[in-house]
Amino acid sequence: MTLDAKIPQGPLAEKWSKHKFDLKLVNPANKRKYDIIVVGTGLAGASAAATLAELGYNVKAFCFQDSPRRAHSIAAQGGINAAKNYQNDGDSVFRLFYDTIKGGDYRAREANVYRLAQVSVNIIDQCVAQGVPFAREYGGLLDNRSFGGSQVSRTFYARGQTGQQLLLGAYSALNRQIHAGKVKMYTRHEMLDVVTIDGHAKGIVTRNMLTGAIDTHAGHAVLLCTGGYSNVFYLSTNAIGSNVTAAWRAHKRGAFFGNPCYTQIHPTCIPVTGDHQSKLTLMSESLRNDGRVWAPKTVEIAEQLRKGTLKADQVKEDDRDYFLERKYPAFGNLVPRDVASRNAKEMVEEGKGVGGSGFAVFLDFADAIKRLGEETVKAKYGNLFDMYIQITDENPYKQPMRIYPAVHYTMGGLWVDYNLSTTIPGLYALGECNFSDHGANRLGASALMQGLSDGYFVIPYTLGDYLAKIGPKKVDTSHPAFEQTKQDVIAHVNKLLSLKGTKTTNEYHRELGHIMWEYCGMARTDEGLRKAKGLIQALKADFWKNAIVTGENEEVNASLERAGRVADFIELGELMIDDALMRKESCGGHFRVESQTADGEALRDDENFAFVAAWEFKGENQPEELHKEQLTFEAVHLSQRNYA
Amino acid sequence: MSNGNMNLTLKVWRQKNAQTAGKFVSYKAESISPDMSFLEMLDVVNESLTHKGEEPINFDHDCREGICGMCSLYINGHPHGPKRGITTCQLHMRTFHDGETITIEPWRAEAFPIVKDLAVDRSAFDRIQQAGGYVSVNTGGVPDGNAIPIPKVIADEAFNSATCIGCGACVAACKNASAMLFVSAKITQLGLLPQGQPERYRRVQSMVAQMDEEGFGSCTNTGACEAECPKEIKLTNIARMNNDFFSAKLFRQEEIHEQNH
């Protein structure tokens, strides 16, 4: 099979409008004859479900939480980008596009990113119209701030809870359609497989998490909006429930997986304190607008700080190394996430890490408090500071915060073409679930943008084209493919329930996380990845022999839910290792130790690796087949990223 | 795996489902670190129960950073535990003392039936929002964001109401299991903003009607909801809601009737 990204012809700036005109339309009276399944109700899922229902389609929406309002998009803190140029600082669609392509280390698809930048302006208008309470200036106009990887202020925000407010906006649009009867909402339902007929997606199999009922649902198309898979690392900033199951099962049914090893490591998280920890908490990147990152200049001072004989505020100005400001004067503390993360890691490796574990650097607000006053700092970041106090029992108004990189977002995901279609016709992937817009590194405030862009403004057009082509012939679950897939799911569930070993699935998950972080985290080597592959294969074999799963299917069973997700994470982990092994270059947050410049910066290999890796599942325990989508850059020149 | 020095006794409500009776069961939580969150402490207990082949304690949780609103424990007589302005997932074990007995119960309200053990069904909240907690705007065709200027103080106040996470602590804290703080937060947010004006009076009527239908009790201004709200939503939201509600009943019936057609 050859990959066709279906990128429209013509100049970059006109591709999307031309494409919209060329796409087939579904007559308004026919829309009600189509049933659409939407899995996941975060920014991408809720916005897609609401918008498609507004257009007249019948939508069935599914989420595993008790309410669509709990989707993990709600936890995004900092903001959402839009090329509005409200600040008169030189922003434009092209600049947002350019920053995103460069920030992604030239591993994203130009046409998709340009469309994202174009649509960004509509997203803000849409959210404002819904009543999303964005931050305002005293004159009543929208306020902006700046994020890593850009030199303009284009980030719209709602205190440190932008994701929450945007999600509640989309949730309210969804609610309106549920009330109108155009969306049927299924909460506490987990998608466990996708049903295909003649190669097209025609439905899904779900488990009702309250009763254990395994049901089938039919539709003309299936949209996966199920988020990312950072929890493969066990410790990440993702919600505990975030998982890869829906996407992974779709992959096993034929959807290619794009760039699985592309993981974003976020530089400003609260450091790990002990083994008991179940997750990591992010401190919004917006903090780097006013917070200054530093480490002690010498190992001796760092040691005193670690032992607690010296306090951070006692370290003299001359003994501090504001390493980001020193190395990247143009961007300073607002360098992109991968650059900031790698530099923090370097400091730690040089023995200059702080905190009890030594795995931390400082994020200091002393200057900002002196300059702006504590009240202003509190108004801007108060909730983030409160959160930090809660978790660490330390006061960042008095002492600098301790931060360290953590896994935050996955740029890899199901491979999709320009229409957001996976390699299974009728199966679409939106938002973080797909691979398309961020390249090898995601800039701040661009995840919310992509989720809403895909849901509000892309899929409503591109899906119509597919639906018009297949026609409104009724699909229902009487086709034998539904029963067959359902039986496969039941067999898998029963296999999990039969595991009565000695180790909890949580213990397997933690072990997987250690392997992934150690060998497939911020720095990777050929040797380490090979070792990791063996470790994961052994872990997988052991899981199916020695895991414990308690309870039955016909009840609320968190143990069973978790077991299924951990089993899928283990399989995905192996694919991530394969992908990382194959990509013998450094790009974005994916740093291959063998590939670096003399200064220790990430060194790409455009000649051999300017492609999207799309992996095809070839059967249980078989090596996956690599397909390549060559990336061509017409509007931006491939160059070494430089933020100095 | 746990690495601390606290030993606690937990009295936990166990209930198979809404149809069966529940009871308190005592468990030991040993070697707990004061740096653990309350939910991480329960994770440790659950790991040890699983090792013994017993069924782990079921509780709702997801983001574990205080924003998704999923966690919901009633700890020593308080929703989300003894500290103000935080959720259960943000509560850390350093709040408790070595040797302490901690009582853990689910939210108690007729409108929140038990799902299992400590988890309850809060879908009534969704149905109230579905009844009218939105601005009726389709995707596309909206004015430029800056075409609707909103004074900063109004935007900030709307934001304060909008921070409700829908966890249900207000209902759990209220002796009448009233949902007025939750409902009024959304009504206030949209009622303050220009975008929310066209449907303002219809919204309050339909949301209040749904709230009553779901079986939530009425408000007696005791203020327990405000005291226990993890997002510190103010009681003044309820005053605004009452104001709009009476205004709608007395002066806006015709307008609302028109809108419903």
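Trainee: Why is Tyr234(A) called buried?

Mentor: Tyr234(A) has a relative accessibility of 9%. Buried means under 20% relative accessible area, exposed means over 50%, and partly exposed is what lies in between, with a 1.4 Å probe and protein chains only. At 9%, Tyr234(A) therefore counts as buried. Before we go on: this is a predicted model, where local features need pLDDT of at least 70 and side-chain atom pairs count only at pLDDT 80 or more, while totals for chains, interfaces and linings use all residues. Residues are numbered from 1 along each chain as its sequence is written, chains are lettered from A and ligands numbered from 1 in the order in which they are written, and side-chain values use heavy atoms, with hydrogens and water left out.

Trainee: Where is Tyr234(A) found, and what is its phi?

Mentor: Look in the loop between strand 9 (221-224) and helix 7 of chain A. Helices (H or I, at least four residues) and strands (E, at least two) are DSSP runs, numbered from the N terminus. Tyr234(A) is not a glycine, and yet its phi is positive, at about 60°.

Trainee: What makes helix 7 of chain A "mostly covered"?

Mentor: Count its residues: helix 7 spans 245-252, and 7 of its 8 residues are buried. Among them are Trp248(A), Arg249(A) and His251(A). Just after this helix comes Gly254(A), with a positive phi of about 125°.

Trainee: Which residue in chain A does UniProt give as "active site"?

Mentor: The record, an unreviewed entry, puts that feature at Arg337(A). UniProt positions are given in the numbering used here, feature names are shortened, and annotations may be inferred rather than shown by experiment. You'll find Arg337(A) in helix 10 (residues 337-349) of chain A.

Trainee: How do you know that Arg337(A) is buried?

Mentor: Its relative accessibility is 4%, so Arg337(A) goes into the buried class. Leaving out residues up to four places away in sequence, Arg337(A) touches a list of residues including Phe147(A), Gln264(A), Glu285(A), His408(A) and Gly444(A). Touching, or contact, means heavy atoms within 4.5 Å.

Trainee: What makes the pair Arg337(A) and Gln264(A) a polar contact?

Mentor: Their side chains meet at 2.9 Å. A polar contact is a pair of N or O atoms within 3.5 Å; within protein, one must be able to donate a hydrogen and the other to accept it, and residues adjacent in sequence count only if both atoms are side-chain atoms. The pair at 2.9 Å is therefore inside that limit.

Trainee: Why does Gly148(A) count as buried?

Mentor: Gly148(A) has a relative accessible area of 3%, so it is buried. Gly148(A) sits in the loop between helix 5 (110-130) and strand 4 (155-156) of chain A. Phe331(A) is 183 residues away along the chain, but the two C-alpha atoms are separated by 7.9 Å.

Trainee: Why are helix 6 of chain A and helix 2 of chain B called roughly perpendicular?

Mentor: Two packed helices are described by the angle between their axes and the distance between the axes. Here the angle is about 85° and the axes are 8 Å apart. Axes are lines fitted to C-alpha atoms, for helices over the stretch in contact, and angles run from 0 to 180 degrees between N-to-C directions. Under 35 degrees counts as roughly parallel, over 145 as roughly antiparallel, 65 to 115 as roughly perpendicular, and the rest as oblique. This pair is therefore roughly perpendicular.

Trainee: Which residues make that contact?

Mentor: Tyr171(A), Asn175(A), Ile178(A) and His179(A) come from helix 6 of chain A, and Asp126(B), Gln129(B) and Gln130(B) from helix 2 of chain B.

Trainee: Is Arg64(B) buried or exposed?

Mentor: Buried, because its relative accessibility is 7%. Its phi is positive, near 60°, in a residue other than glycine. Arg64(B) lies in the loop between helix 1 (38-51) and strand 3 (74-75) of chain B.
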